[in-house]
Each structure stands twice: as C-alpha cells, then as structure tokens.
Amino acid sequence: MARLIRTEKEVEGRYEEVWLVVEEDALDQWPQGPREVVGRPATRVDGFERARGEAVYTADLQLNGMLHTAVLRSPHAHAQVRRIDVSKALSLPGVHAAIGPGDIPQLTDHCGFQGAAVAAVCADTFAQARAALRAIDVEWDVREPLLDPDEAVRRGALLAEPRVRERGDFERGLAEADVVVTGEFRTGTVLHNSLETHQAVVQWTGDGVDVHISTQFIWGIRDEVSSELGLPRDKVRVVCHYMGGGFGAKNDAGDYTFVAAELAKRTGRPVRCALTRREENLAAGNRNATVQRLTIGATSDGKLTALGGDYVNAVGWDGWLAPTDGPLHMLYACPNVRSTLYGAKLNTPPMKAFRAPGFVEGTFGLETLLDELAAKLDLDPLELRRLNHADRDASDDRPYSSKNLLECYRRAQAHWDRRHDVRSRSTDTVKRGVGTASQIWYGGGGPPSYAWVRVGSDARATVVTAMQDIGTGTKTAMAQIAAEELGIPLEHVTVSVGDSARGPYASISAGSSTTPSMGPAVRAAAADARRQIDEIAEQRGTPDAPIEEVVSLLEDAQILGRGARGPNPTGMQVLTFGVHVAEVAVDVETGEIWVDRVAAIHDVGRVINPLGASSQIEGGVIQGIGHTLSEERLFDPRTGAILTTTLDAYRLPTIADVPEIVTELVDVPDEHLTNLGSKGLGEPPIVPVAAAIANAIRDATGAEVRQLPITREELLRALHEAAERDRRGAAAPV
Amino acid sequence: MELQRPSSLAELPPASNSLLLAGGTEVVPLLRAGLVQAETLVDVRAVVPRGVEGDRIGAGATLAELERAAGLPDALREACRLAASPQLRNMGTLAGNLLQSTRCWYWRLNWPCRLHGGDECFARAGRHREHAIFANDFCASAHPSDVAAALLALDATVETSVRTMPLADLYRLPDEGDPRTTTLGDGELILHVEVPQPERSVYLKAMDRKRWAFPLVGVAAVRNGDTTRIALAGVAPVPWLLSGELDGATPLPENRYKVDVARALVRRALAALD
Amino acid sequence: MPSVEVNGHPYDVEAAVGTTLAEALRDELRLTGTKIACAEGHCGACTVLVDGTPALSCITLLHALDGARVTTIEGLRDHPMVASFVRADALQCGFCTPGQIVSAVALVEATPDPTSDEIRHAMAGNLCRCGAYPKIEEAIRTWRD
C-alpha cells in the first residue's frame, strides 16, 4: 500500500526534506559476501560501445538542420557592458540568430567574472559562429576586480552569513590541552576538466522541448528547464545516454542550455551550444581555493580536547559554501569544536561541486596538522587516529548506520608497517617516507528513485530507469542487482537509461548517491517481477519450476515489475569511511616528488561490483594526485584574467604519474540502509589523498607543506624551513 | 586560405602573408587561436630533408625518429625522448621544435606584450613561476625547447637555405627594436643540423609532471676533452649557454626556485659526464 | 578537393583549407568515434593513426595529408585491444578511450610485449580525467590473453 511521507535526504552534506511515496520495502538484505552476480567482478555492460567509439555522446549528436553556437563571454573579471551591437554579426555568412543581455536571464551586461556570458550567435558551422562573435561590437567599462578571499572577508563581500558551528567549549578545550598546534593551510583552485565539455543540443518539438545534454542529473535539468522556460515538466524531455565526465560540474543546466533553447526557439532549428576547452577552464565551475587557519589541542596521551578552524572559501562571483569545516566536526571524537566558515564573493568564476566539495580541502588541512600534533606528542600517527575514533557521530549525537573505520585502520596497519623499510631506502638526495590520512564523507543516497523491470518470454529482463551513467559503471551495477534478484545470468539483463520520456525518476549522480539511491529501486522492481513470476508458478502448481520455464508461457505477454527507493534510516548518520597510506620519494635538491604507492581502504557498505569499485578508487586517487601535485588554476593578480585555460598549462596527471594503487574494500553491508546495504563510492577515494601525501613528505623529510598543489617551490620552501628548524633546534640550549 | 606544396626550394612562394608548415604542431594551434595569420600555408615537407647521415640531421626529421636514432648523441636523444607527448614527437620536426614559441601564458593568450609588439611584460608584474631567470628584463618568457638546449650544448651547426651558422646564432634576445627571438629571414628555411659527436653528453629535465610537460629547467651538458659546455632550457627567452655561474641569474619573486633546481641539475649533469 | 583514405576506404572531402582531420572525420564523414576534447593538441583524445603512427587529428590539416592512410577507432573495432580494454575495465566515462586504444594498438604493433615503462612512455600523450590509467596499463600488458 502506498503512503506519502516526509523524509530527510542528503546530497553532499546538504540536507533537505522531501516528499516520498513509500511502498513497503519488505526485502531483507542479502547476507554479507559475494552472491551469484552481486559482489562479483563484472565488465561494463556498455564497454564495447564506448571502447569502439560507437557510443553517441552529446558532443557527437548531429540532428538535421542543427546550428552551432558561439558565446561571447566577458574577457574582464569585472566589467559593465556599456554598449553592445550584434547587427554586424547577424549579417555574416551562415549566421541565423544572435541574442544579447536581457534576451534571456543567463546573458548579462553586468559581468562579475571572466567568462560571464554576454551574448551568443548561432550559425551553420561553429567556425562561422566564432567568426560572427568577432563582429559583435561591444564596449566595456572595466572595473576593479576583488580577487583576494581574505580581503573579501575584511570588506564583508560574502555570499552568505558566515557559518559558525560550535559544540562544547572550545576555549576550555584549549585550556585543557597539554599540546596545541596551529597552522595556516591554503588549497588552490582546481578545475574539473571533464574530457567532454559542457554542452546541450536543444530542439523544440510541437509544444515541448528536447534537451540533449551532457549531465549528471537528467531530472534536475528537466525541472530547471521547465521552470525557467515556463513549460509543464512533462513537456521537457531530457536525454543523456553517454556523457564524458562530470565530477560535480554538470549538476545543473548552466547558461549554455538556455542559450541553445532561446536560439532554437528563434530559428526553429535544433541548436548546439558547446563550451570549448578554454571556456571549460574559465566558466564551467571549479573546486574553490581555501584558506584554513586551524588549531588542534590534545592531552599528552593523544586525546583531542579542542579542534578549531577559521575557513575562507574563495567561492567566486556565485556558488555555495562547500563544507570545508565538515571533517573538523565529523571525523574524530572531540568534545570541543568550533569553526567559522566564510564564503568570499570575488570576481572569479563561480565554484561548482567537485568530488567531495569542501571535504577534500578540509581533510588536507586537518589531517596534515594532525600529523604535526602526532610528531609533537611523539605518537604514531595511525595510533593517534585510532585513539580519537568516534563511536557515535559527535556533531549531532546520532549513531552511525554503520561504521567500519576501525577495520579500515586495522587493514591499514600492514601498509603502515612498510614505513621502516621505505625510510631505510632513503639516500642523501632522495628521501622516502610514508603518510596516512582518514576519510569521512557521505554516500547514503536517498529517495526518490524508481525503476521498472520488464521480463519477457525469453527470460531476459530489461531494467528501465531514466538515470545517467557518468562513467562510474552504475548501469552495470543495476544489471547485476536485477540479475541477482531475478536469479538469471547477468548477460540476460539489459539496462535502458538516459531518457526522461522513457523511464521513471532517477536520482542525481553526485554526492556518491547513484548506487545507494538507484540500486534499491532496481532490486525492488526485480523483486516485484520475481514475485509475479512466483505467483504464476504457484498458480500452475509448479512452484519450484525454473524461471525460464514459467515465463516461456508468456508469448507476447510481459511481466512488469515496479520498484521505488525506500526511506533512509531515521535518526542515524549514513556516512562512508576510509584511510589511505601513501609512500613517497622526495628529491630534496630539486623538489621533485614521486608518489610510489597508495593503499586505499574504504568502507562503503556492500560492494556491488568489485571491478568497477576498484576503478572508482583508482580514479579518485589519481584525481587526488592531480590537485596535490600539479593542478592549479592561476589568474593574473592585477586583472583577474585566468591564465591556465589550456591543458598544457593546466596539468592533469598522465599515465606516467600514476603510483602503484592497492585498493581494499571492507565490504560489510550497512544493515540499516535499504534492501542493499550499499553506499556510494564516487567521492570517498579522492578525500584523503592530499593529506596522505603531505604526511608522507613530512615523514620522509620533516618538511611541513601547507599548500596545495605541492609545487617545487612550496616543497623547497618547506624543506628550507625544516632545515632551519633543525638547525635552531640543534643549536638551542638543552 | 590556401595550401601550397612546393617540391623544391625554387618553388617556394614569396614570404609575405604565408606561413611555412611541416609537422604543424605549432603552426596549426597558433593559426586556430588567432596568434598568427596567413593567406597561404606552405607545406615544406617535400623541400626540407629528413633522415640522419652520420652527424648531419635533416631538419624535417621528427623528434620520434631522432629519439630512436642510435648514432646520435645521448643528450640529443634524451632531449627528444623527454619532450612533448608521443603524438607530438611523431608529428613535430627538428626545425619546428627549434623555432617553437614560448609557453608564456600571457603570450599564448595574446596579451599585447612585448613579444607581440606591445610595451609591457605582463609576466614580470603578474604570474611568472614558469618564466625566465636570465635575461628577463625586457621579456621574461622562457624558451621551451629541450632539443635546442641539447644542440646548443653540443655546439651544433645550423644550415639554412641561405647560410650556415652555429646554432646559437639562430636565436636572439628580444629588444625594443625587434621582438623576435629567432634570426631567420623571410622565407629562410632550416635544412640541416650538423651535430658533432661528443665524448659524453647528458640531458636532465625538471618538469611539473612525469611526462608531457615543458621544462621548468632543462640542463644539457657536453664534454669534449677538458671542455664542458652547459646549456639550459626554460630559463631565458632563448636557449641559454651557461657561461658564468648560476649566481648570475636574476630570478623573479616566484621563480627563485628555478635557481636551486638548476644548480642541482647542473651539478648532477657534470657528475654524470664523469 | 582533398582525398583521404580512412580505414581502407578512399573519400573525397569537400572542406575549406584549415579544416582539421578531426573535423573532417566527425563532421564530413560522420565518424564520431574520434573525439575532440581540447582541439589544440594537448590531450590526445583525437588520436588516429596516420600511416600507422599515432597523430593528433585535431591539429592535422586535412589538406596537408597528401595521400596518407588514416586509421580511426572505427577501423580497429575488432582488434583484440578493444576486448582487452573492456575485460580489464580500462575505461570509465569512455570519452578518451578511442584515442587510448589507437595509441595502444600502435604501441603493441611495434612492441608486442611492452614493459610498464614502455607503456607509460608511449601512452603519456593520452589524458584520462577519470583516471583509468592503471587498468589501461593492464589492458595493454594483457592484450594477447
């Protein structure tokens, strides 16, 4: 029987209340351990399409009569358009339409960042559209940009009220401490740079609109487009069969979708609006830079008594407050914690969610300073973390639905024990060391999400749901779940996704929520189909007949199963946990760093596909190495103009930069969470990478790096500082 | 725009408004980014020799071919091996690599800087961590060619369609009167590079990721008898022959680390020559 | 009008001088397996074989090809490397994968049993933002299995 309830749903640490239609979720979880299909490695169901280049991404879509768009974006970090005239552009060959400030809300004449969209032209070819842009007559009033986050705080240029959070009494906690360490940490601005750029192809169809878009949230786009264009939601069809990476930047429709929609309306043609790679490095979102001023106090036995943090997120012209303060409050048992989080409004391109937003940055600061505490206390860093393990969520006094962090630490011990051997291989110029860091993050997913399962007389099943697979392999996991529940081979399951007109509501692929949101819905749908098949078998007096035999009677009839994601456990914190152990080598003369090995151990509940899961972990570790060692978006300090707009200047890791990565999954189902007990794995593996590497550098050399990326200059600075400290320490009177 | 494909030097069209093209790894991106313009592209691959004959290298040889050429000096092969990406090494020619432009982001983004004929070096007051630590007063751009540094240390000779000269003479520091960093005349083509065999040579490179990055500092060191020549990539607007000490460097606030790195690499290169 | 041989088939392509091979493949010949991710020769997604050698089609001028034989991912669809990539899970979003496979095929044609160092050196020009690198290396090591 269906009921409508209010329940709490979390995405990336932001909680909201949602309405939910609940049908009884009477399925028991499977016992721990690999099943017939679930829990066994499975190659991607669409692997061959992707590998052969047959998969059609939004970038590959060619609709009849399609036009191409070029967007005029502000070259200035802060400027007012004094005058703009598109008439000359309109007269150029191949140009069909042009729009400017005010034609749609996404085109502005008050530009608060370099890359703000001002005007757009569509033409038969992209080259013609680009040429037409140059013919747009525009005059700018260039203004002084505000670029420094601390300056923005001083001036009160903030995107929201500062967020103050406190538990216990921080000052008293400090007073109780035997040792206090403080540090200022900075993380740089990091760009997603998915290989498929942001883009949409929009086509008006009768009284509705088709939006083909490279996205992480088909249904969110549908809502956004429907509300923005004043259309009933079911008149907006959103399609995304394959997309080339998102990492958080493609959760919304951006400006390009509405530019394309307006141009498509005016021309009566399908219109593509695609960002170029340079625009992608400019105006497609970023992990914002942070400044973190942290304090840790502990008694001499290593128990934390006080954790304090002042955080400034360099959010940019727009965006939201990523929870940089999250790990401080959530990672460890500490009775006294206080933080203030500022969101600086700057003339820089707006931040967007990027794979565990806030927690990556905050974990770097906290976990790195924690190792400084360990050194001062002469305590083993892994032991220090065990000592401060939180058995219950201290930030809001809830029990965890499941937590196996101690098991992660136990498994980390073998990797941690390698450090003596690693250090012993140091030479005069190349020092080696090992570092560790803990991970906490979300990953419980939530309702609503739905799936249909269709079984035909050939005993093959199709899972239907309008979700997207952003490269994480969720399609494959859904196939495995359906196969397991139906008791049929994986090869007999097809998954049909990617079209809001051809399937029910599916969750966003962000916040590590796809598997924990969609998986239970798919299982419920498969179970519904299975139940019907069992009822038919019962009716026919052959209750034990195999499924193939029962459905062979169907002919053209089909079994249609329906399933929904049930509510999350009430009054519990649903989180993911893990620990990394990194081995590095450091050339102390040139500042070069090698990351030789990373052991990544994660607790994310039941693992559906261990093959896909290990790929997610490797991918997260490698992306983490990127922002730790070589990736940084730079801008000119006088004008705010972005300098790293191309992939030679903005340096992603290559295959040559990859360490040995050892992945381990605790794989214990969360008994309170849904009919699967699975949490998401997309984000956890990127969270502790930077801190583990920074801690390994400290272990190897004594250098205290305080900044990401750890450039040569930052490492050499830290090495000189460490040498100075040693010299002063050696010279100091006993 | 049109493309011509001469089959001999005599067939080369007049230089005005035309761009010479071989591998295209610089010219095509610069053209599409609007940093260079031309009405005529001249594909010179039929005109410029390829291949290696003893010490004489055809300027049209690709970096990939040179990387594999067993008879060439170690420093040259290593410079090729560590340069760019595999695809770029397959496409790019020796001459093209010597003539490539700086990676200075201000230049590449078409700011009206000195190299573009303007009157300011934006890097000096702006971001310059990748930029020059020598001869950086007028222009702080860094020369990105590993191969040029190796050939400079190897005391290579360049043979063009017009003259023969030491490789050093191919380059010039930009100045008030002339922002160019090469001395090639209009329509002058590099045809061969002659590289004498050294006793020992090495090339060491510091870059921001393990592969496919331009030199933060590249050090080529060559020994012949008691003579050692050291040339650096990534430290000056042109490949830099180290004549004095590194103490003569004039780093900017954000690139002082390059002096430390260069010092270490020079020391190691010299040790490797022993 | 330039003619180009792609995957063993000759084509006459009508396009202006300045058109890149990648644009010709995707827009004129509708072979969209070759992806454009940066259009400036920095990422390798557009890698095709030109006379058997990996090249960046996004900065190769169509008119400069002059009779070269081009092989794209479409021409390699039955190469064992494709199955090796799928088996090893050497792809995630898949956008870089065609370019990876093209470079990988060229590597093993020249060096059938490459070492880890050789793989890393030969594949360094193919960026993967999802980080499928460890399994790409494994796929290349085990391509004959």
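Tutor: Domain bounds here come from an automatic or database domain assignment. Keep in mind too that this is a predicted model. Let us take chain A.

Start with its domains. The assignment gives domain 1 of chain A as 3–57 plus 445–564. Domain 2 covers 61–144 plus 192–283. Domain 3 covers 404–444 plus 568–734. Each of these domains is written as two stretches of the chain.

Now look at domain 1 and domain 3 of chain A. Their C-alpha centres lie 35 Å apart. The two domains are in contact: 32 residues of domain 1 meet 28 residues of domain 3. Which elements of domain 1 give two or more residues to the side that touches domain 3? They are β1 (3–11), α14 (474–486) and α15 (514–539) of chain A. Of these, α15(A) has the largest share of that side, with seven residues. By class, the side of domain 1 that touches domain 3 divides into nine nonpolar, 18 polar and five charged residues.

Step back to the whole of chain A. The chain has 19 helices and 26 strands. Its C-alpha atoms fill a box of roughly 90 × 75 × 45 Å along the principal axes. How does the radius of gyration of chain A agree with that of a compact globule? For 734 residues, a compact globule would have a radius of gyration near 27 Å; chain A has 27 Å, so the two agree. Buried residues make up 62% of the 734 residues in chain A. Next, take the contacts in chain A with a separation of 6 or more: residues 24 or more positions apart account for 81% of them.

Now the strands. One sheet of chain A is open and has six strands. Their order is β9-β17-β16-β15-β10-β26, and the pairing is mixed. Which strands stand at the edges? They are β9 (163–167) and β26 (707–708) of chain A. Each has a single partner strand, so one side of each is left without a neighbour in the sheet.

In chain A, β15 (residues 289–298) and β16 (residues 304–316) run antiparallel, joined by ten bridges. One pair to find in your viewer is A:Ala298 with its bridge partner A:Leu304, which is in β16(A). As background, side chains in a regular strand alternate between the two faces of the sheet.

Then turn to β4 of chain A, residues 79–85. Two bridges join β4(A) to β6 (residues 110–111) of chain A, and the strands run antiparallel. There, A:Gln80 stands opposite A:His110 in β6(A). Six bridges join β4(A) to β8 (residues 137–142) of chain A, again antiparallel. On that side, A:Ile84 stands opposite A:Val138 in β8(A).

What touches chain A? Chain C does: 42 residues of chain C are in contact with 44 residues of chain A. On the chain C side, α2 (80–88), α3 (97–110) and α5 (133–141) each give two or more residues. The largest share, five residues, comes from α5(C). The residues on this side of chain C divide into 23 nonpolar, eight polar and eleven charged.

Chain C has its own domains. The assignment gives domain 1 (3–75) and domain 2 (76–141) of chain C. Their centres, taken over C-alpha atoms, are 20 Å apart. The contact between them takes 18 residues from domain 1 and 13 residues from domain 2. On the domain 1 side, β3 (47–50) and β4 (53–56) of chain C each supply at least two residues. There β3(C) gives the most, with three residues. That side of domain 1 of chain C has eight nonpolar, eight polar and two charged residues.

Chain C also meets chain B: 19 residues of chain B are in contact with 20 residues of chain C. From chain B, β1 (2–4), α1 (27–32), β3 (40–43) and α4 (86–91) each supply at least two residues of the side that touches chain C. The most comes from α4(B), with five residues. By class, this side of chain B has ten nonpolar, five polar and four charged residues.

Methods:
Residues numbered from 1 in each chain as written. Chains lettered and ligands numbered in written order. Predicted model: local features only at pLDDT ≥ 70, side-chain atom pairs only at ≥ 80, totals over all residues. Contact = placed C-beta atoms within 7 Å. Helix = DSSP H or I, 4+ residues; strand = E, 2+ residues; numbered from the N terminus. Nonpolar A, V, L, I, M, F, W, Y, C, P; charged D, E, K, R; others polar. Rg over C-alpha atoms; globule rule 2.2 N^0.38 Å. Buried ≥ 20, exposed ≤ 12 C-beta atoms within 10 Å, placed from the backbone. Pairing = 2+ DSSP bridges.
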